[in-house]
Amino acid sequence: MKNIVESKGRTATIVSLFSGCGGMDLGFVGGFDFLGTHYAKTGFKIIWANEINSAACKTYRKNFGDGIIEGDINSLFDLLPKSADIVIGGFPCQDISINGKMLGIKGKRSSLYTAIVETVRRIKPKIFVVENVGGLLLDANAKSLEKILYDFNSLGYKVTYKLYNTADYKVPQTRERVFIIGIQPDLPDFVPPAPQSVKPLTAKQAIGDLENNVEDKAFSHIWSKARPSGEQGNRKMTANRPGYTIRSECHGNIQFHYSLPRRISMREAARFQSFPDTFIFPCGLRDTERQIGNAVPPVMAWNIAQSVKNVLDGSNGKN
């Protein structure tokens with residue numbers, strides 16, 4: 001019997017930045033099934049979305065329709081809607097990640113958080129939600145975090161941040177991510193969603209039913225044939241624990257299956273990221289690999305969205 005997680009409250013409009021293939025957007029909209037649980041529609045509506053990567057836009061359109069605008073956000077500010085209730089976005093993390101060059105916000109890509117600042121300044125949403133890697137909280141990135149918080153605080157918002165492990169929220173992956181939340185001062189404080197998993201979902205629970213499936217390009221059940229090397233991403237999954245973090249820049253060196261002599265498939269990677277099987281990835285293996293690795297897990301985003309709804313409803317988490 002399918003579990004049904006309800007979502008009650010008001011309708012709100014969303015502007016989505018750095019949308020990628022749409023993981024965060026799917027979570028904030030809801031209305032999908034994952035591993036036997038139905039995550040109900042939130043009532044939120046995405047009215048404007050942007051992504052620069054053509055392949056990611058192709059996937060987004062396949063699953064959400066033609067509403068995404070492809071291009072550099074810094075040249076599209078004048079196309080933003082005049083108002084929206086919520087702004088969401090996971091700005092590029094490569095310069096902040098421990099797997100990157102650790103340039104912080106001085107790096108070309110991670111400095112793009114300023115596009116979210118500018119969007120919030122123009123639209124003045126009630127709430128904004130920004131996601132990035134857990135490495136943002138490392139001592140090496142202390143000045144970057146301080147500057148990011150300063151820039152958002154200067155817009156007049158109540159700004160908080162928290163590190164989450166997605167395995168605590170029924171995502172079968174030990175993925176640590178920081179969410180920065182900004183609230184208009186006249187609204188209730190943001191109360192983080194309570195952990196949902198007493199016992200985390202394991203790798204076998206996530207992908208065990210796919211073990212005997214042959215390769216299927218239409219279902220994205222295809223995998224890298226890259227041989228083991230000394231680089232990251234070559235670990236073998238463990239059946240009775242959650243999957244390891246799915247990385248965006250693995251260049252074929254994605255984790256190996258816990259029992260089969262191959263790397264995990266893109267559909268299996270999507271499962272670890274909590275994408276429903278109905279989510280279609282129409283691109284090739286490498287583009288799909290990057291899109292899945294860059295995505296915010298939809299189930300994690302759905303849980304954040306519930307706390308956002310509580311703020312808008314004035315319930316302060318009491319519901």
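## Aromatic contacts

At 3% relative accessibility, Tyr-169 falls under the 20% limit and therefore counts as buried in this predicted model. Tyr-164 also counts as buried, with a relative accessibility of 3%.

The structure holds 13 aromatic pairs. In one of them, the ring centres of Tyr-39 and Trp-302 are 5.2 Å apart and the planes meet at 70°, an angle over 60 degrees, so the pair is classed as edge-to-face. Because Tyr-39 belongs to strand β4 (residues 37–39) and Trp-302 to helix α8 (residues 298–313), this pair ties together parts that are 263 residues apart in sequence. Tyr-39 counts as buried at 4% relative accessibility, and Trp-302 counts as buried at 3%. Tyr-164 and Tyr-169 form an edge-to-face aromatic pair as well, with 5.9 Å from centre to centre and 65° between the planes.

The two pairs described above are set out here.

| Aromatic pair | Centre to centre | Angle between planes |
|---|---|---|
| Tyr-39 and Trp-302 | 5.2 Å | 70° |
| Tyr-164 and Tyr-169 | 5.9 Å | 65° |

Which residues form one aromatic cluster? The cluster is made up of Tyr-60 and Phe-64 together with Phe-275, Phe-279 and Phe-281.

Charged side chains also meet aromatic rings in this model: the charged end of Arg-235 sits over the ring of Tyr-244, at 3.8 Å from the ring centre, while Arg-267 lies over the face of Phe-219, 4.7 Å from the centre of that ring.

Key. Residues are numbered from 1 along each chain as its sequence is written. This is a predicted model: local features need pLDDT of at least 70, side-chain atom pairs count only at pLDDT 80 or more; totals for chains, interfaces and linings use all residues. Side-chain values use heavy atoms; hydrogens and water are left out. Rings of Phe, Tyr and Trp (its six-membered ring) pair if their centres lie within 6.5 Å; planes under 30 degrees apart count as stacked, over 60 as edge-to-face and the rest as tilted. Helices (H or I, at least four residues) and strands (E, at least two) are DSSP runs, numbered from the N terminus. Buried means under 20% relative accessible area, exposed over 50%, partly exposed in between (1.4 Å probe, protein chains only). A charge sits over a ring if NZ of Lys or CZ of Arg is within 6 Å of the ring centre and within 35 degrees of the ring normal.
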